[in-house]
Amino acid sequence: NEDQFKKVISHAKEYGYVFQSSEIYDGLSAVYDYAQNGAELKKNIRDYWWKAMVQMHDNIVGIDAAIFMHPTTWKASGHVDAFNDPLIDNKDSKKRYRADVLVEDYCAKIENKIEKEVKKAAKRFGDAFNKEEFLNTNGRVLGYQEKINTILKRLGKSLEAEDLADVKLLIEELEIADPLTGSKNWTDVKQFNLMFGTKLGASAESAMDLYLRPETAQGIFVNFLNVQKTGRMKIPFGIAQTGKAFRNEIVARQFIFRMREFEQMEMQFFIKPGTQAKWYEHWKETRLKWHLSLGMGADNYRFHDHEKLAHYADAASDIEFKFPFGFKELEGIHSRTDFDLKAHEEFSGKKLQYFDYEDNASYTPYVLETSIGLDRMFLAVFSNSLCDETLEDGSTRTVLKLPSVLAPVKAAILPLVKKDGLPDIAKQIVEDLKWDFNVTYDEKDAVGRRYRRQDANGTPFCITVDHDTLENNTVTIRYRDTMEQKRVNIDELRDIIKKDVDV
Ligand code: ATP
């Protein structure tokens with residue numbers, strides 16, 4: 001809900017995760033900077049993905065292609081002609097929105113209503129409550145569900161030009177209002193290309209019009225044959241990449257969910273034509289498993305299979321995550337056929353074919369793609385981890401329960417007091433552990449306050465050095481989530497932390 005989302009945004013700022021870009025100049029809309037903790041969390045998510053996709057698969061390799069690409073790339077990919085968003089203006093407020101997002105947000109609101117009904121009924125019926133049955137029989141819930149289904153049917157992924165009037169109609173029928181002003185006075189829906197243009201070259205005559213890449217995928221397609229040959233790759237094989245992408249998004253206060261400069265983590269898997277259905281299922285399952293491995297709750301994920309498909313796809317599904325503002329796309333799994341490679345063959349005049357020794361024949365491979373936004377994943381992890389807890393003594397604490405493998409700082413080393421040689425021992429522990437983990441030293445304030453600070457920062461372990469340490473070389477290790485404290489020998493620390501943060 002909205003309050004939780006506001007809390008997420010202010011916590012991200014207060015604890016050095018995400019800042020508005022160019023804040024001293026009042027910021028730049030939909031552009032953000034990752035701060036000292038945010039940069040670590042983002043890097044850890046990227047590494048976690050890279051390890052799972054590249055290191056753990058002997059038939060997937062990673063590349064790092066340039067952001068600038070030859071402009072013909074974007075003609076071939078279809079982005080020049082078809083990478084548009086449907087925009088709608090409110091005539092009274094003069095605010096501009098993405099028409100499909102307005103409808104999506106409306107769906108999220110209905111979903112919230114359903115959830116409220118479920119909660120109410122669960123309370124009323126107690127132990128006798130059966131959620132499945134309630135969802136299938138309650139009239140009001142069924143009415144809501146029907147509305148959502150109609151919308152989903154009419155509003156697929158690829159809003160082609162002929163659908164625009166239909167979208168406007170839908171907005172009018174549903175009586176969707178401007179979220180800021182409540183006005184329902186809308187213009188027609190128009191298409192708007194999302195690519196940022198720039199120029200390459202010094203003189204006006206020789207300068208070449210370029211685009212900042214709106215997706216990383218094309219850097220993989222144009223390198224397909226180079227990688228296949230130099231890596232001696234055999235189909236099926238994948239090429240993975242992480243990197244910046246740029247889209248001139250029309251946004252309404254969505255924090256890092258929808259940015260103008262963002263990072264993608266994509267993998268294109270090259271397969272034999274005709275095997276796409278099998279690989280599509282394989283990658284859907286594999287990617288969902290990756291998400292579940294972080295332990296953020298299976299209920300927070302769901303697939304949304306597309307009925308309407310983009311021009312390049314023969315099947316597509318999103319992994320949606322339950323963000324504070326409802327279920328939204330986190331990752332896309334797309335069966336792209338040979339659309340991209342064929343298009344690049346046509347536009348470049350170069351063959352992009354694979355010779356299959358088993359079949360003794362050449363073909364243009366089909367492609368199965370997994371594409372996830374790193375920033376969106378960051379928001380999923382961060383928002384899901386942030387919670388307020390009421391403790392047994394009635395006090396409250398804010399804790400950021402980040403999966404340990406992703407936490408920016410793995411352990412904080414705290415001397416109980418700033419004297420009697422305790423700081424020296426604590427600093428020595430930092431020196432020893434920092435080779436393996438990102439750790440921090442903190443001696444300011446009472447130890448209880450330091451624990452709370454580390455809880456809110458997402459640090460899984462606090463290690464406290466006290467007077468007993470001087471006697472027997474033991475310290476207290478405190479677990480963030482359970483607040484359980486144990487006495488352990490200093491020599492055991494590395495193994496304890498390693499066991500928790502290793503995947
Ligand atoms: P949406 O419908 O939300 O605009 P999309 O369908 O255009 O997303 P894709 O082109 O499939 O997204 O991109 C793959 C992934 O990249 C998305 O699942 C999302 O996680 C991420 N992504 C796309 N656009 C943005 C953006 N503007 N800011 C942050 N992440 C983005």
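Begin by selecting strand 9 (residues 237–246) together with strand 10 (residues 261–271): the two pair in the antiparallel sense over 10 bridges. Strands here are DSSP runs (E, at least two residues), helices are DSSP runs too (H or I, at least four residues), and both are numbered from the N terminus. Two strands count as paired if DSSP finds at least two bridges between them. Within this pair, Gly243 stands opposite Gln264 of strand 10.

Before moving on, note that this is a predicted model, in which local features need pLDDT of at least 70 and side-chain atom pairs count only at pLDDT 80 or more, while totals for chains, interfaces and linings use all residues. Residues are numbered from 1 along each chain as its sequence is written.

Is strand 9 mostly covered or mostly uncovered? Seven of its 10 residues are buried, so defined when 20 or more other C-beta atoms, placed from the backbone, lie within 10 Å of a residue's own.

Next, select the ligand and its surroundings. A shell of 16 residues surrounds the ligand, with Phe262, Gly332, Ser371, Gly373 and Arg376 the closest; a residue belongs there if its C-beta atom, placed from the backbone, lies within 6 Å. Two or more shell residues come from each of strand 10, strand 13 (326–337), strand 16 (366–373) and helix 13 (374–385). Strand 13 gives the most, with four residues. By class, the shell has four nonpolar, four polar and eight charged residues; Ala, Val, Leu, Ile, Met, Phe, Trp, Tyr, Cys and Pro count as nonpolar, Asp, Glu, Lys and Arg as charged, and the others, Gly among them, as polar.

Now colour the domains: domain 1 (1–71 + 217–390), domain 2 (84–193) and domain 3 (409–501), with bounds from an automatic or database domain assignment. The centres of domain 1 and domain 2, taken over C-alpha atoms, are separated by 26 Å. Where they meet, 12 residues of domain 1 are in contact with 13 residues of domain 2, contact being C-beta atoms, placed from the backbone, within 7 Å.

Finally, select the open sheet of five strands in the order 20-19-21-22-23, with mixed pairing. Strand 20 (439–441) and strand 23 (485–489) are its edges, each pairing on one side only. Strand 22 (residues 474–479) joins strand 23 in the antiparallel sense over five bridges, and Thr474 has Asn489 of strand 23 as its bridge partner.

Key. Two residues are in contact if their C-beta atoms, placed from the backbone, lie within 7 Å. A residue is buried if 20 or more other C-beta atoms lie within 10 Å of its own, exposed if 12 or fewer, and partly exposed in between; C-beta atoms are placed from the backbone.
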